[in-house]
Amino acid sequence: MPGVLGRAQPDGQLRPGLGELVAEGFGEHVGVAGTARVEHEQDGIDGLGHTAHRSQVQRRDGCGTLAGMDLQLAGRRAIVTGGSRGIGLATARALAAEGARVALVARDPDRLAAAAASLRDAAAPEIITVSADSDDDAAVRAAVGTVVDRFGGIDVLVNAAARPAGSAPPPNLGSLTDDAVRAELETKLLGYLRFARAVAPLMTAQGWGRIVNVSGLNARKSSTLVGSVRNVAVASMTAALAAELGPHGVNVTVVHPGFTETERTPALVDARAAALGTDPATARAGLDATTTIGRITTAAEVADVITFLCSPRSVAINGDAVAAGGGTPGVTHY
């Protein structure tokens, strides 16, 4: 039977579509190493809210059974800044689901406590919280020291503490102040740098580490001056850190989410609708249309990408930007 992406040709024949080229659920793969039967089982939702899967590749060329990918994060010690909500909290959840010990860092102690409680309720291995402002270098170093005292070291840093991008149209040049630009760079660029600077000596001393900076797809647009500048700056900083730290076993990458579904989304959609003079449903449809998957991505989906980059499995990626915004229609990045 033709795959779902099969297409009728001018001669009336139906050519195979992409769906026929990919085994779905149960099938056979033939390659240079031989033929394999592939079984995928979905085991339901685990305690941390992630779908649990078992994948088993059974080879028929005498090589034995190959296990699925293990992210090798069990027992790793991670700091997630901006970890009290949004993509930061989703990333902490994903890391904990892989067995990592996670320190949540943010400014609001009450919000941190609530976030930590939600992870502990889901049976996270070990969660601690540290209240710190990334605008303050002394506070950043103290926070890192607290985590080291508790965990004995740091393997992973995810920088996600930043002012959220707005949904309203950006200010024009005449109304954009110097202080507004400084505030964005202080928190997102310098805040990320402060945490990276504090953990890098620990990671290089042990010969391994991962730093993932959460930036944004505004780095690839010129529609918002502040958003573009701060995100391009983070990407550039990431590349520079990767070049310096990579030879010491520390990979540094940047993830560019697009507009992402979080607990803030309903209010942002309402604000966008008001700014555009339309209704929330129309405003939401406009956002969904900005991706090639037909909807905006969720924080958990972005967190899955970040979590892979935090793992030893991601060693081939260093200094690069990974887009996690559901695809940009009509654009090819290379």
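**Close-up views**

**View A. Opposite A324 in strand β15 stands P257.** The model shown is predicted: local features require pLDDT of at least 70, side-chain atom pairs are counted only at pLDDT 80 or more, and totals for chains, interfaces and linings take in all residues. Residue numbers start from 1 along each chain as its sequence is written, and side-chain values rest on heavy atoms, with hydrogens and water left out. Helices (H or I, at least four residues) and strands (E, at least two) are DSSP runs, numbered from the N terminus. β12 and β15 run parallel and are joined by four bridges; two strands count as paired if DSSP finds at least two bridges between them.

**View B. Seven strands form an open sheet with parallel pairing.** The strand order is β9-β8-β7-β10-β11-β12-β15. β9 (126-131) and β15 (321-324) stand at the edges with a single partner strand each, so one side of each has no neighbour in the sheet. From one strand to the next, the twist averages 20 degrees. Such angles run from 0 to 180 degrees between N-to-C directions, with axes being lines fitted to C-alpha atoms, for helices over the stretch in contact. Helix α4 (residues 137-151) packs on the sheet and touches β7 (77-81), β8 (101-106) and β9; contact means heavy atoms within 4.5 Å. The direction of α4 makes about 155 degrees with that of β9.

**View C. Strand β11 pairs in the parallel sense with β10 and with β12.** Four bridges connect β10 (residues 156-159) to β11 (residues 209-214), and V158 stands opposite V212 of β11. The pairing of β11 with β12 extends over six bridges. R210 has N251 in β12 as its bridge partner.

**View D. Strand β12 is mostly covered, with eight of its eight residues buried.** Buried means under 20% relative accessible area, exposed means over 50%, and partly exposed lies in between (1.4 Å probe, protein chains only). In a regular strand, side chains alternate between the two faces of the sheet. V250, V252, V254 and H256 point one way from β12, while N251, T253, V255 and P257 point the other way. Helix α6 (residues 225-245) lies across β11 and β12 (250-257), at about 165 degrees to β12.

**View E. Helix α7 has buried residues at T265, L268, V269 and A273.** These residues lie on the same side of α7 because they cover an arc of only 140 degrees around the axis; the arc is that of the directions from the helix axis to the C-beta atoms. On the other side of α7, A267 and A274 are exposed. The buried residues of α7 pack against β13 (260-261) and α8 (280-288). After α7 comes G277, whose phi is positive, near 70 degrees.

**View F. P125 is found in the loop between α3 (109-121) and β9.** P125 counts as partly exposed, at 47% relative accessibility. Leaving aside residues up to four places away in sequence, P125 touches A96, G99 and A100. E98 is 27 residues from P125 in sequence, and their C-alpha atoms are 9.2 Å apart in space.

**View G. R101, E126 and R150 are linked in a network of salt bridges.** A salt bridge is a side-chain nitrogen of Lys or Arg within 4 Å of a carboxyl oxygen of Asp or Glu, and the count by this rule is eleven. Between E126 and R150 the closest N and O atoms are 3.1 Å apart. This pair links distant parts of the chain, 24 residues apart, with E126 in strand β9 and R150 in helix α4. R150 is partly exposed, at 48% relative accessibility.

**View H. Salt bridges also join D288 to R284 and E301 to R295.** D288 and R284 both lie in helix α8, four residues apart, about one turn of the helix. Their N to O distance is 3.3 Å. D288 counts as buried at 17% relative accessibility, whereas R284 is partly exposed at 26%. For E301 and R295, the closest N and O atoms are 2.8 Å apart. E301 is partly exposed at 30% relative accessibility, and R295 is partly exposed at 36%.
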